[in-house]
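Thanks for asking me to look this one over with you. Here are my notes, written so that you can follow along on the screen.

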Amino acid sequence: MKHHALEQLQTVAEVDQVYPRRAMSRTERLERWVELLERNPGRRLSTLHQTEYQPARERAAMRSNGSPISVAFADPVLRAAGLENDSYGEAKRFFELTDHQLHRVICYCHFGETLSAAEAAHQIRKTLSGRQRGMFIRLRVMFDR
């Protein structure tokens, strides 16, 4: 793929930068994320370290190349729907997840350095179905910082 600056493209084509965002419900956004992950279930994805111990501002800015969040951000459909980057805070906002829910998908303490795309998809499906078990008081207190 060849990349060009916007100014270069405008010399050879009419570029319309105003386009409507596709409205997607929370469920549609989460299901799309699961679908993307399940396209390559054996892919190893990176985790984020100690999300529950980070102050809220630092946690929101956390990101990692090759994470489950970056899989979502690579998708033009989710970007058109409003996903702005592949940070923890943006995933929390866009997918309307709690810290606890996102922690179960992305944190190192559950999976080590990497997790499979299938496991990430499984964790997101649990959120969709409302089957979250094991809420730890310790995590709730740490996320409230």
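1. Let's begin with Asp-86. At 10% relative accessibility, Asp-86 counts as buried; here buried means under 20% relative accessible area, exposed means over 50%, and partly exposed is in between, using a 1.4 Å probe and protein chains only. You will find Asp-86 in the loop between helix H5 (76-80) and H6. Helices (H or I, at least four residues) and strands (E, at least two) are DSSP runs, numbered from the N terminus.

2. Now look at what surrounds this residue. Not counting residues up to four places away in sequence, Asp-86 touches Met-62, Arg-63, Ser-64, Ile-69, Ser-70 and Phe-73; a contact means heavy atoms within 4.5 Å. With Arg-63 there is also a side-chain polar contact of 2.7 Å. Such a contact is a pair of N or O atoms within 3.5 Å; within protein, one must be able to donate a hydrogen and the other to accept it, and residues adjacent in sequence count only if both atoms are side-chain atoms.

3. A word on the source of all this. The model is predicted, and local features need pLDDT of at least 70, side-chain atom pairs count only at pLDDT 80 or more, while totals for chains, interfaces and linings use all residues. Residues are numbered from 1 along each chain as its sequence is written, and side-chain values use heavy atoms, with hydrogens and water left out.

4. Next, the overall plan. The protein has 10 helices and 2 strands, which follow the pattern α-α-β-α-α-α-α-α-α-β-α-α along the sequence. Of its 145 residues, 40% count as buried. Among contacts between residues at least 6 apart in sequence, 64% join residues at least 24 apart. The protein exposes about 8700 Å², and carbon and sulfur atoms supply 50% of that area; accessible areas come from the Shrake-Rupley method with a 1.4 Å probe, and for residues only the protein chains shown count as cover.

5. Which residues have the most contacts inside the largest nonpolar core? They are Trp-33, Leu-37, Leu-78, Phe-95, Leu-102 and Ile-124, in a core of 28 residues. The elements that give two or more residues to this core are H2, helix H4 (68-73), H6, H7 and helix H9 (117-129), and H2 gives the most, with 5 residues. A nonpolar core is a set of buried Ala, Val, Leu, Ile, Met, Phe, Trp, Tyr and Cys residues joined through side-chain atoms within 4.5 Å.

6. H7 is mostly covered, with 8 of its 8 residues buried. Among them are Asp-99, His-100 and Arg-104, as well as Leu-102 and Val-105.

7. On to the charged pairs. A search of the whole structure finds 9 salt bridges, each a side-chain nitrogen of Lys or Arg within 4 Å of a carboxyl oxygen of Asp or Glu. In one of them, the closest N and O atoms of Arg-32 and Glu-35 are 3.4 Å apart. Arg-32 and Glu-35 are 3 residues apart in helix H2 (residues 26-38), so about one helical turn separates them. Arg-32 is buried at 18% relative accessibility, whereas Glu-35 is partly exposed at 37%. Glu-35 also forms a salt bridge with Arg-39 (3.0 Å, N to O), and Arg-39 is exposed at 56%.

8. Another pair is Glu-90 and Arg-93, whose side chains meet in a salt bridge of 2.4 Å, N to O. Both lie in helix H6 (residues 88-94), 3 residues apart, about one turn of the helix. Glu-90 is buried, with a relative accessible area of 7%, and Arg-93 is partly exposed, with 43%. Elsewhere, salt bridges that share partners join Arg-32, Glu-35, Arg-39 and Asp-75 into one network.

9. Finally, a backbone point. Most residues other than glycine have a negative phi. Gln-50, however, has a positive phi of about 50 degrees; Gln-50 sits in the loop between strand S1 (44-46) and helix H3 (56-61). Glu-96, in the loop between H6 and H7, has a positive phi of about 55 degrees. Gln-50 is partly exposed at 44% relative accessibility, and Glu-96 is partly exposed at 46%.
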